[in-house]
Amino acid sequence: MTPESMIVWSLALPLLAFVLNFVFGKIPNLREASTLIIGCVLFGVIAMLSRDVFSGGRPEWVIGDLLPGFSISFQVEPLGMLFALVASGLWILTTVYAVGYMRGHHEKHQTRFFGCFAVAIFAALAAAFSSNLFTLFVAYELMTISTYPLVTHHGDEEARNGGRIYLGILLSTSIAFFMLAIAWTWFLAGTLDFRVGGILQDAYDDHRISDTGLGILLGLFAFGIGKAALMPFHRWLPAAMVAPTPVSALLHAVAVVKVGVFSVMKVVVYIFGIDLLGATGVNVWLAYVAGYTLVVASLVAMTKDNLKARLAYSTIGQLAYITLGAALANPSGVIGGGMHIAMHAVGKITLFFCAGAIYVAAHKKNISDMRGLGRKMPLTFGAFAIASISIIGLPPGGGAWSKWFLAVGTVEAHQYALTAALMISSLLNIAYLVPIPILGFMKPIDQDLESEQNSRLGQDVSLDRGSENSVQWQEAPMMCVVPLCITAVGSVLLFFAAPWIYEALLPIVE
């Protein structure tokens with residue numbers, strides 16, 4: 001199989017899964033088995049393709065021009081390859097988890113759910129492999145449209161309101177800003193192709209765009225790519241939490257937000273070029289917007305008692321790390337941002353898997369109601385603790401390396417205020433994540449009261465875990481628990497895989 005044919009198969013397989021979902025819609029076991037089989041084959045194809053890309057190959061597949069200069073075409077480079085590996089690998093685990101969650105929670109419209117999920121993965125891979133801004137824009141919009149039915153899955157008033165905010169912000173930013181940025185780029189460069197070193201240097205050298213113009217164009221891209229969730233265009237992300245937890249995992253780890261920050265990285269590296277941004281300094285304001293977002297989002301996360309809401313604001317902050325890495329426009333920052341795409345994806349999907357498992361097994365959404373729950377769900381809360389370590393940026397979590405390179409990037413850029421913002425944000429990560437597993441492994445309040453009564457009476461009575469006052473919850477179905485355990489282990493394995501990821505990303509900054 002040639003590298004070009006692997007690109008074709010990588011894009012065709014999710015669409016095949018979409019078709020088979022509806023063919024086998026009334027036979028759930030066949031429907032879900034076909035999705036899992038295709039997911040495994042897809043990951044295998046992308047893994048084979050990665051060998052060629054990481055050894056220096058740049059396979060292409062050109063479908064054709066819709067208009068002169070506006071082609072649908074694909075070329076695989078290291079950053080897109082890393083994103084594709086993450087998305088395709090996590091699709092397998094998310095599918096397994098979704099089967100356990102959707103069946104355990106007796107959700108309706110499961111065929112539509114899995115079908116839209118497959119289209120979203122197709123859009124993610126199309127964005128990852130896009131060779132120009134036009135193809136990236138088409139994939140970006142397809143991602144928005146295909147995930148709208150997932151956000152509004154429950155069909156109630158809350159879901160519809162969340163869906164309106166989700167669709168309204170993402171479509172309005174892309175139409176008002178992203179499209180304008182693409183048109184301006186075409187006018188300046190005469191091409192929309194991604195090119196190592198960028199395509200705007202000649203326009204700048206010929207004085208067809210000034211420093212101020214470059215800064216405005218960068219702003220149109222940064223805020224037009226609303227999926228990057230930079231403040232103030234971030235409200236769509238918490239609003240989308242009305243969706244089932246597997247959708248939240250898709251939104252926050254596998255596809256939607258990663259398409260956003262990945263697009264920002266592609267624009268910085270292949271449209272502007274880090275040399276041009278570094279020489280003009282027009283990137284500094286964006287770095288400070290990202291620094292503001294990552295600190296404020298962490299502060300807001302601390303105020304949320306609802307677990308998914310807390311994780312949503314955590315995601316806003318973590319995405320800002322990636323945008324910050326791109327905005328630093330130096331090799332350490334870009335590599336740190338690229339690394340964080342993978343590190344955050346695996347860590348955050350684990351946290352959302354845990355949130356869903358808690359809801360399926362115990363029907364608890366609020367953190368304040370989870371005291372003692374870890375004693376009955378040790379695997380779930382243990383996995384939550386491991387993933388939290390990675391998100392915080394502590395060894396042996398993979399996030400330690402990505403945050404290290406980001407910090408080095410801020411120092412190399414002499415932006416010490418941003419170094420401080422990274423440190424403050426990591427401390428806030430500890431404050432809003434670590435208390436959750438600690439609370440989970442504490443004794444339930446009713447057991448504390450019983451112990452206090454016994455001590456007052458001078459009795460040494462062991463607690464009867466089977467009494468009606470004791471917590472009776474158990475782990476969620478194994479199809480929910482196994483994926484979260486695998487991704488928790490993956491958060492640790494990424495710590496040791498960091499040298500390989502570094503070497504893989506190095507060509508994009510050389």
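The side chains of Glu157 and Arg164 meet in a salt bridge, with 3.5 Å from N to O. This pair belongs to a predicted model, and a search of the whole structure finds 5 salt bridges.

**Charged pairs**

- Side chains of opposite charge can pair when their charged atoms come close.
- Another salt bridge joins the side chains of Arg208 and Asp206, at 3.6 Å from N to O; here Arg208 is partly exposed at 43% relative accessibility, and Asp206 is partly exposed at 48%.
- The side chains of Glu32 and Arg31 form a salt bridge of 2.6 Å, N to O, and both of these residues are buried, a term that stands for a relative accessible area under 20%.

**Packed helices**

- Two packed helices are described by the angle between their axes and the distance between the axes.
- Helix 15, which covers residues 331-362, packs with helix 17, which covers residues 399-412, at an angle of about 160 degrees and with the axes 8 Å apart.
- Because angles over 145 degrees count as roughly antiparallel, helix 15 and helix 17 are described as roughly antiparallel to each other, and helix 15 passes helix 17 in a left-handed crossing.
- Helix 13 (residues 284-302) and helix 14 (residues 307-328) have axes that come within 8 Å and cross at roughly 165 degrees.
- Helix 13 and helix 14 are therefore roughly antiparallel to each other as well, and their crossing is left-handed.

**Backbone sites to look at carefully**

- Most residues other than glycine have a negative phi, and most peptide bonds are trans.
- The peptide bond from Met231 to Pro232 is cis, with omega near 10 degrees, and Pro232 is found in the loop between helix 8 (211-224) and helix 9 (236-239).
- Ala229 lies in the loop between helix 8 and helix 9, and its phi is near 60 degrees, which is a positive value in a residue other than glycine; with 0% relative accessibility, Ala229 counts as buried.
- The peptide bond from Pro395 to Pro396 is cis, with omega near 0 degrees, and Pro396 has its place in the loop between helix 16 (378-392) and helix 17.
- His414, in the loop between helix 17 and helix 18 (416-433), also has a positive phi near 60 degrees, but His414 is exposed, with a relative accessible area of 56%.

Terms used. Residues are numbered from 1 along each chain as its sequence is written. This is a predicted model: local features need pLDDT of at least 70, side-chain atom pairs count only at pLDDT 80 or more; totals for chains, interfaces and linings use all residues. Side-chain values use heavy atoms; hydrogens and water are left out. Axes are lines fitted to C-alpha atoms, for helices over the stretch in contact, and angles run from 0 to 180 degrees between N-to-C directions. Helices (H or I, at least four residues) and strands (E, at least two) are DSSP runs, numbered from the N terminus. Angles under 35 degrees count as roughly parallel, over 145 as roughly antiparallel, 65 to 115 as roughly perpendicular and the rest as oblique. A crossing is left-handed if the near helix is turned anticlockwise from the far one by less than a right angle, and right-handed if clockwise. A salt bridge is a side-chain nitrogen of Lys or Arg within 4 Å of a carboxyl oxygen of Asp or Glu. Buried means under 20% relative accessible area, exposed over 50%, partly exposed in between (1.4 Å probe, protein chains only).
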